[in-house]
Amino acid sequence: MMREWWSKLARILAGRRELAHELREEIESHLEFEIQEKISRGTTPELAREAALRDFGNTFLIEESARESWAFGALETFILDLRYGVRIFARSPSFTATAVLSLALGIGANSALFSMIDAVMLRMLPVPQPERLMLFTWYARAWPEKVVDDVEGSFEKDRKSALMTSHSFSSAFYEYLVRNNTVFSAVIASSCNDDRVNIGLSGRAEDAILQAVSGNYFQGLGISAIAGRTLQCEDDRAEAPPVVVASYSFWQQKLGADRAVVGKEIVINGRPAIIVGVVPREFFGVEPGQSPDLYAPLAFLVQQYKQNHDYDLRQPRVWWLTIMGRLQPGVSPEEANTVMSVSFQRILATDGASKGDLPWLELASASRGLNGLREEFSTSLLLLMAM
């Protein structure tokens, strides 16, 4: 099939006019033969030509049908239209420049908007089997003052239900899940708020965005390091030496893409830590549009808050962790939601609050990551794309 198309295209490019001329000559030759034959039977030349044309048929339609056998009709039309357009534009250079600029701006704007829509609304997380990831979310009719003093990260009114909602949970609940989990192959956590920190590396002062994550964060997501290693559960202990993992962009822009930085010391807010690895280029975290520069264990951030702010993030009434789970094979989202809802209520009931005062838990798909930007900008992006 492709060979036939290329053959047709070669014929068009090599001599469309010549082929058309040959076709016309062949038709005229055939008509002349028919006319002479009718004249030999005693018909006058005028009547003979009329009869020959009538018997032969519409020569224009025959030519068009013949052309279809050795030419791309659509391509031929396109070439003719293109030539006509070029001639028209050449006569009005100012109009041509305006048209080209308008097209360039329109195509560029649409490409940029589609890239944003793809990143914020469509793209799956760059991890193995993202459809198995579930995000923990809680809802409440009002501020759950019986069990919460402080919520880090998102806390807002849901647009559809008008209920209060958040992705933030306490350390106590996360630790309970780790000990009593029966439906997830891994339960991971990250700090709801990323911290802007001052760093020092080889005598240079920089700033960076740091996110604290659980020791099993990268293993739970299925992310391996391209240099060194990722964090491990042993790193997420108060007595463990401080370590961090660098994002690919931070490694490229601030660390010179040097693999030798693995094992080197970096100073974060005056506290030394060791760079133990670099994550792949395609991994940006779990929130589209947000890309931390450094990843540190949760224990590192807890100690930073104690040291710099005299504040204990691990208090049961401080909710500061985003929690995600990867479903075990054979476990449905509905089954996991039922089990986790019971566990959430069990943890909250220890504070002596009545059931009506407590928030309730729902699991949502995390295949596209956290949806903060999606909820905030989806309507605006779609309107802009339509315009």
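**Close-up views of a predicted model**

Arg-237 counts as partly exposed, at 35% relative accessibility; this class lies between buried (under 20% relative accessible area) and exposed (over 50%), using a 1.4 Å probe and protein chains only. This is a predicted model: local features need pLDDT of at least 70, side-chain atom pairs count only at pLDDT 80 or more, and totals for chains, interfaces and linings use all residues. Residues are numbered from 1 along each chain as its sequence is written, and side-chain values use heavy atoms, leaving out hydrogens and water.

**View 1. Arg-237 pairs with Glu-239.** Their side chains meet in a salt bridge, 2.7 Å from N to O. The term means a side-chain nitrogen of Lys or Arg within 4 Å of a carboxyl oxygen of Asp or Glu. Glu-239 is exposed, at 60%.

**View 2. Arg-317 forms a salt bridge with Asp-149.** The closest N and O atoms are 2.9 Å apart. The pair links distant parts of the chain, 168 residues apart. Arg-317 is partly exposed at 25%, while Asp-149 is exposed at 52%.

**View 3. Salt bridges link Arg-204, Glu-206 and Lys-254 in a network.** Glu-206 meets Arg-204 at 3.8 Å, N to O. Glu-206 is partly exposed, and so is Arg-204.

**View 4. Side chains alternate along strand S11 (residues 265–268).** Strands are DSSP runs (E, at least two residues), numbered from the N terminus. Ile-266 and Ile-268 point to one face and are buried.

**View 5. S11 and S12 form a hairpin.** Two residues lie between them. Asn-269, in the turn, has a positive phi of about 50°. Ile-268 stands opposite Arg-271 in S12.

Terms used: Helices (H or I, at least four residues) and strands (E, at least two) are DSSP runs, numbered from the N terminus. Two strands pair if DSSP finds at least two bridges between them.
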